[in-house]
Amino acid sequence: MIEVAELRKSYGDLAAVDGVSFTARTGEIFGLLGPNGAGKTTTIGCISGLLTPTSGHLRVMGHDVVRDGTAARRTLGVVPQEIALYDELSAEENLGYWGGVQGMRDPVLGRRIQAVLELTGLLDRAREPVKRFSGGMKRRLNFACGIVHQPKVLMLDEPTVGVDPQSRVRLLELVREQAKSGACVLYTTHYMEEAEALCDRLAVVDHGKIIAQGTLAELRAMLAEHDLLRLQGSFRPEAAREALRRIDGIEVLQADESQLRLSLAAASRRLPQIFSALAEAGAEVRGTTLTQPSLESLFIKLTGKELRE
Amino acid sequence: MRFVWISALKDLRRLRRDPMALAMWLALPVFVAVTMNFVFGRQAAAPQGRLLVADRDGSFLSGALPGMFNQGPLSRMVLVEKVNEDSGRLRLEKGDASALLIIPKGFGDAFLNNRPARLELITNRSQRILPGIIEEALSVLVEGSFYVQRLIGDQMRLVSGNGRPSETSIVEASVAINRAVRSVMRYLDPPLIELQTSVVSDEPKQKKSFGALFFPGVLFMALMFIAAGLAGDAWKERTRGTLRRVACTPSPIAAWTAGKALAAFTLVLAVAVLGMAAGGWLLGVSLSHALPAVLWAGGSGALLYLLMLFLATCASTERMATFLANLVLLPLTMIGGSFFPSEIMPSSFAAIGQWTPNGFLLGRFKAILDGGMTAGAIAAAFAGLALAAAVSFWLVVRRLRGTFLV
Ligand SMILES: Nc1ncnc2c1ncn2[C@@H]1O[C@H](COP(=O)(O)OP(=O)(O)O)[C@@H](O)[C@H]1O
Ligand SMILES: [Mg+2]
């Protein structure tokens, strides 16, 4: 279990994490979804004891991270964003080292290394130096080194970045298995598909703040089954807003000279009405994109921008 | 403690997988050692010394003794000039020569009859190395002569004995002498040092070969390069993220650092043992105090490593760290007496050099190796070394836990 309450971490004037609170429970996958620079890595850094929080409370399996860091870290497995491996050493030796610094000893460690190698499909390359591995294999080993000691709490920081589709599918399966076998998993990503496919509950973060939190269903409900409509062309923002205000149930998320973003129910049936209202307001529409409700549209609804901008 | 061991093992394994790195750190010291050996073994550009010889004996043998400086490699290093004793002393005082050799009356006689003979060598204190060469060469000559005496004493007595020798006895003697000299010369020419340890002589002591003079400096040069190279690895671990990953485990950063220092110590110890063996075998380095000397070298390596590590962790970027390391590495190595032994440096430089960390450690190393330190002084030196290492360790860990980590 991870308990985060009012976590703040500032670098000078910049609040990298700005009052974040959530609880990730045993046996569930809790997601932190947000664009680059949202503060995901900083949050994980504070929980793992790497960074000292500016303020707030952090507990891992009941241990206070700041006051009793060693006890907290004993329960923790971290799969960092970067591939933190010794690439002169073999997969087996890396696992031996990372298991060793977690306090594991032979023969348990030896058996566990074999099991983890098998799990991540690296058994036949176990003795090769890691520098000869492909990106996907390194990612899998990076993951393996985080779970070799069977942590009660597992934190993964964008573990699928730069991974081939096959390895990604395998990695997501492995993460699910960890949660199923009773670990509390904290998973950060900027891929909303991953968050949707993997997480039991999640928090959407931006600029160090949580802008929405809940189960996938709860978050979808926040959109009230509204579609997201994006119109491109040339607009006079004020006139366009004025014209659309007269149509029922349309929310303007964003309006500028080249683009409008609207949130509305049953958008496809109401397109003609929208077009004629905009034409009256002197707008010229050249492109239309309609998006079904998703985390992406939620993110856009909440922040007025796309996740991957 | 287990974490320390695990970390050290990890680093030693990584080093073993990357022998090129080690080879690069050792390349320059080995190159310098080989060059020195080449230069002074065959002395293409060796310094020239002037040896003044005052011959009070005036015998056939006393005439021949300085003549031996005119043979082989020595002839290009040492100019011999016969002088009378008084003017010789005067010139030596004025610094006009490297040394004055006084051959006492009755030397030839004593030598022929296998009685102890004493040669007096007065060296010029202001010159550091040339008198050393002369002293060295002379001691080798004396040792050589000792064998010559053993081998052909009879014939020589015959030739220079009372009365005119017969022609046949001269021929016989010269054939025998010739053969003996040739067999002795096999040992004398070029590897002068071969004979160094073997002989009794009551000549001026402190017979250190040229190679042995350079050996400690070259060893410490290797130590400096290893220390700097290994210190750079902290940045590698930081950039890759393995350091941050360690910080997320229950294993303390201090254990990770201690593991690295232990790996450095082990590596330097291995290099020192091998270097010492090679030095003893090839350069005639005296090995009678090899054990404390090797341990001192290992400890010095660990301390220098921690100092270089501290420097590296003070840099704001990896590139800056490399730049800083290079900035201090060569000057320190040079002034600390690794390219040129402090014995041949201008004394002002030598004085500064002995207060550089590596120069200071090197000075103690030489003293230990030469047997010039009492057991108590050695113990005190080791205690000081341990204290310095502990302080540097504390500084490094403080940096690592602080801004260096993230
Ligand atoms: N050491 C640091 N010093 C200053 N700013 C930092 C530091 N680390 C992160 N930041 C800033 O904090 C914000 C959050 O970064 P990060 O947690 O890495 O985001 P994410 O992992 O979500 O991409 C970013 O604006 C980043 O530039
Ligand atoms: Mg990140």
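Which residues have the most contacts inside the largest nonpolar core? They are A:Leu141 and B:Phe365. Before the close-ups, a word on the model: it is predicted, so to speak of local features takes a pLDDT of at least 70, side-chain atom pairs count only at pLDDT 80 or more, and totals for chains, interfaces and linings use all residues. Residues are numbered from 1 along each chain as its sequence is written, chains are lettered from A and ligands numbered from 1 in the order in which they are written, and side-chain values use heavy atoms, with hydrogens and water left out.

View 1. A nonpolar core here is a set of buried Ala, Val, Leu, Ile, Met, Phe, Trp, Tyr and Cys residues joined through side-chain atoms within 4.5 Å. A second, separate core has 16 residues, among them A:Ile247, A:Ile250, A:Leu260 and A:Leu264. In general, nonpolar side chains tend to be buried together in soluble globular proteins.

**View 2. B:Phe365 and what it touches.** Leaving aside residues up to four places away in sequence, B:Phe365 has contacts (heavy atoms within 4.5 Å) with B:Phe215, B:Pro216, B:Leu219, B:Phe220, B:Met276, B:Ala293, B:Trp296 and B:Ala297. Both B:Phe220 and B:Phe365 are buried, where buried means under 20% relative accessible area, exposed over 50% and partly exposed in between (1.4 Å probe, protein chains only).

**View 3. Aromatic pairs in chains A and B.** Rings of Phe, Tyr and Trp (its six-membered ring) pair if their centres lie within 6.5 Å; planes under 30 degrees apart count as stacked, over 60 as edge-to-face and the rest as tilted. Over all chains there are eight such pairs. A:Phe22 and A:Phe30 are stacked, because their centres are 4.8 Å apart and their planes sit at 10°. A:Phe22 is buried at 3% relative accessibility, and A:Phe30 at 0%. B:Phe220 and B:Phe365 make a tilted pair, 5.2 Å centre to centre with 50° between the planes. That pair links helix H8 of chain B to helix H14 (residues 357-370) of chain B, 145 residues apart.

**View 4. The S1-S2 hairpin of chain A.** Strand S1 (residues 2-11) and strand S2 (residues 14-24) of chain A run antiparallel over eight bridges; strands pair if DSSP finds at least two bridges between them. A:Ser10 stands opposite A:Ala15 in S2(A). Two residues lie between the strands, and A:Gly12 in the turn has a positive phi of about 60°. On S1(A), five bridges also join it to the antiparallel strand S4 (residues 55-60) of chain A, with A:Arg8 partnered by A:Ser55.

**View 5. The magnesium ion (ligand 2).** A:Thr41 (OG1) and A:Gln81 (OE1) coordinate the ion at 1.9 to 2.6 Å. Donors are N, O and S atoms within 2.8 Å of the metal (3.2 Å for Na, K and Ca), and water is not among the atoms, so sites may look incomplete. A:Thr41 sits in helix H1 (residues 40-47) of chain A, and A:Gln81 in the loop between strand S6 (76-79) and helix H3 (91-101) of chain A, 40 residues apart. A:Thr41 is partly exposed at 36% relative accessible area, as is A:Gln81 at 28%.

How values were computed. Helices (H or I, at least four residues) and strands (E, at least two) are DSSP runs, numbered from the N terminus.
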